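Please read the following note beside the sequence and the structure.

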Amino acid sequence: MSNKLIIANWKMNPASVEVAKEIITEINKESKHFGDVNLVVCPPFVYLNEVASVISNSKKIVLGAQDVFVGEGVSHTGEVGIKLLKKAGVEYVLIGHSERRELLDTDQIVKEKMIGALKEGFKVILCVGEKERNEHGDHYHEIKKQIEDAITKLPKKYIKNLIIAYEPVWAVGRTESEAIKPDQLHEISIFIKRLVSDICGPKEVDKIKILYGGSVTKNNAKEIFEKGNVDGLLVGRESLKVKNFTELIKQIKG
Ligand code: PGA
């Protein structure tokens with residue numbers, strides 16, 4: 001549990017493979033200064049090979065995918081399955097990102113993808129988070145349902161490969177001042193840990209890293225990370241701005 005974890009979620013960026021290579025090359029050069037932070041870069045599928053070739057010798061940066069298809073066989077037009085991701089060198093997969101849930105990924109599909117990926121030895125970043133908050137605290141129910149649906153009856157052997165990324169939808173893709181406040185995050189991380197402990201048992205809870213994502217920038221990362229009681233951060237737009245992003249990582253390293 002010692003190392004901190006940063007996930008770079010590039011979504012559908014950058015606009016060309018040349019720029020993708022430039023970005024990862026620059027990040028890779030800086031990675032000798034990352035200390036106890038490990039970085040997972042999740043580029044669009046079409047850039048996986050190029051990014052993989054730049055980081056192939058890295059001890060600090062590994063490859064992640066933004067989604068995975070876990071059905072049997074090969075006749076699934078438009079999907080990218082587990083075997084293809086493995087061949088490309090992917091080690092981590094993001095599952096249940098709110099932008100995927102918005103499209104079609106129900107809690108059931110999220111669970112299938114998660115189990116399928118864990119069975120094949122991937123590390124899974126399970127994304128959860130409420131759409132909005134109200135004065136009744138309904139967000140606790142929403143987060144609880146997403147986590148319960150995913151990890152209830154999960155065989156214990158997979159728990160060490162599971163990471164939970166809390167990404168409240170209302171904080172994703174906003175301005176840095178609209179990111180979660182550290183004390184709000186602290187509450188949620190305790191809530192998630194308790195929940196995991198109830199579902200999987202108290203011995204398992206320390207094996208799962210908890211991350212926060214949603215409008216993290218170099219200006220708010222340190223405070224969110226240090227006061228939020230999390231093991232790392234999931235960074236979208238800021239992870240494409242090399243200078244800001246590498247500064248962000250250096251700020252949270254030990
Ligand atoms: P953001 O994206 O950092 O640009 O808000 C985070 C995410 O969607 O994973």
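1. Pro14 is found in the loop between strand E1 (4-9) and helix H1 (17-30); helices (H or I, at least four residues) and strands (E, at least two) are DSSP runs, numbered from the N terminus. The peptide bond that joins Asn13 and Pro14 is cis, with omega about -10°.

2. The model is predicted, so that local features need pLDDT of at least 70 and side-chain atom pairs count only at pLDDT 80 or more, while totals for chains, interfaces and linings use all residues. Residues are numbered from 1 along each chain as its sequence is written, and side-chain values use heavy atoms, with hydrogens and water left out.

3. Ser215 lies in the loop between strand E7 (209-213) and helix H8 (221-228). Its phi is positive, about 60°, although Ser215 is not a glycine. Most residues other than glycine have a negative phi, and most peptide bonds are trans.

4. The residues around the ligand (a heavy atom within 4 Å of it) include Asn9, Lys11, His97, Glu167, Ser215 and Gly236. A polar side-chain atom of His97 lies 2.7 Å from a ligand oxygen atom. The protein covers 99% of the 280 Å² of accessible area that the ligand has on its own (Shrake-Rupley method, 1.4 Å probe).

5. How do helices H6 and H7 pack? Helix H6 (residues 138-151) and helix H7 (residues 182-200) pack at an angle of about 35°, with their axes 11 Å apart; axes are lines fitted to C-alpha atoms over the stretch in contact, and angles run from 0 to 180 degrees between N-to-C directions.

Technical notes. Polar contact = N/O pair within 3.5 Å; in protein donor to acceptor, adjacent residues only side chain to side chain.
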